[in-house]
Amino acid sequence: MQANMAAALFPERVGRIISISSCVKSHPSSIAMRYVQRRVIMADPGWKQGHYYGTSFPVMGMQHARELATISYRSGPEWEERFGNKRADESKTPDFCPDFLIETYLEKQGEKFCTSYDPNSLLYISKAMDLFNMGEGYPSLLEGVARIKCPTLILGVTSDILFPIVQQRQMASLLKEAGNPKVSYYELTSIYGHDTFLLDVINIDGAIKGHLRD
């Protein structure tokens, strides 16, 4: 998002951009997921309407928000391959605590990151992402996106549920329609969802090197 907007706002300073699993306008499904994460944090009594500094911390709210976020970062096919329906301990009677391997994984992710971020900062950044729209202030989204004049590499992942592949296709289509002659678009079929840009190093590196050498 920032790279896309930087190229639009400061064309004299941006020579080229690499846009990975991004968009030109927030998608309703992304807004919905971030909304629930914010609600979980704000429902924690420790949030105290944002006045928790020096007195408390919404640990559980942040933990569960991270668990929700983790679900959106990866994909169903990866969960099936890594965890399936396996339980953490088959000898135990099922209960409402983390029981399946996928549940224990989410719990650990939540515990690991819950105190790594400031809750209020997360809330504001999350809301800013919801409001992202390159067409704001312009007659159409096309005209807003047309401000990007530099060579642009766009990468999307077919299994991404946080930034659906239709958003990267839309960005490439709009830039080409706006007359940008240097638009490269690639779709990756990785099972790692939105986190593909962190894990599929070979394909990501190859696309980026080609873009920078062009």
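On a 1 Å grid over the protein atoms alone, a pocket is an open set of points where a 1.4 Å probe fits, with protein on both sides within 12 Å along at least five of seven lines; lining residues have an atom within 4 Å of a point. A volume is the space filled by probe spheres set on the points, which are joined across faces, edges and corners. The model is predicted: local features need pLDDT of at least 70, side-chain atom pairs count only at pLDDT 80 or more, and totals for chains, interfaces and linings use all residues. Residues are numbered from 1 along each chain, and side-chain values use heavy atoms, without hydrogens and water.

The largest pocket holds about 570 Å³ of space. Its lining has 21 residues, and Q37, R66, Y73, L122 and M129 lie closest to the centre. Two or more lining residues come from each of α2, α3 (59-73) and α6; helices are DSSP runs (H or I, at least four residues), numbered from the N terminus. α3 contributes the most, 6 residues.

Helices α2 (residues 28-43) and α6 (residues 119-130) also pack together, at an angle of about 160° and with axes 10 Å apart. Axes are lines fitted to C-alpha atoms over the stretch in contact, and angles run from 0 to 180 degrees between N-to-C directions. α2 is therefore roughly antiparallel to α6 (over 145 degrees). Contact means heavy atoms within 4.5 Å. Among the residues that meet are I31 and R38 in α2, and L122 and M129 in α6.

The second largest pocket has a volume of about 470 Å³. Of its 22 lining residues, I20, M129, F163, H194 and F197 are closest to the centre.

Key: Parallel < 35°, antiparallel > 145°, perpendicular 65-115°, else oblique.
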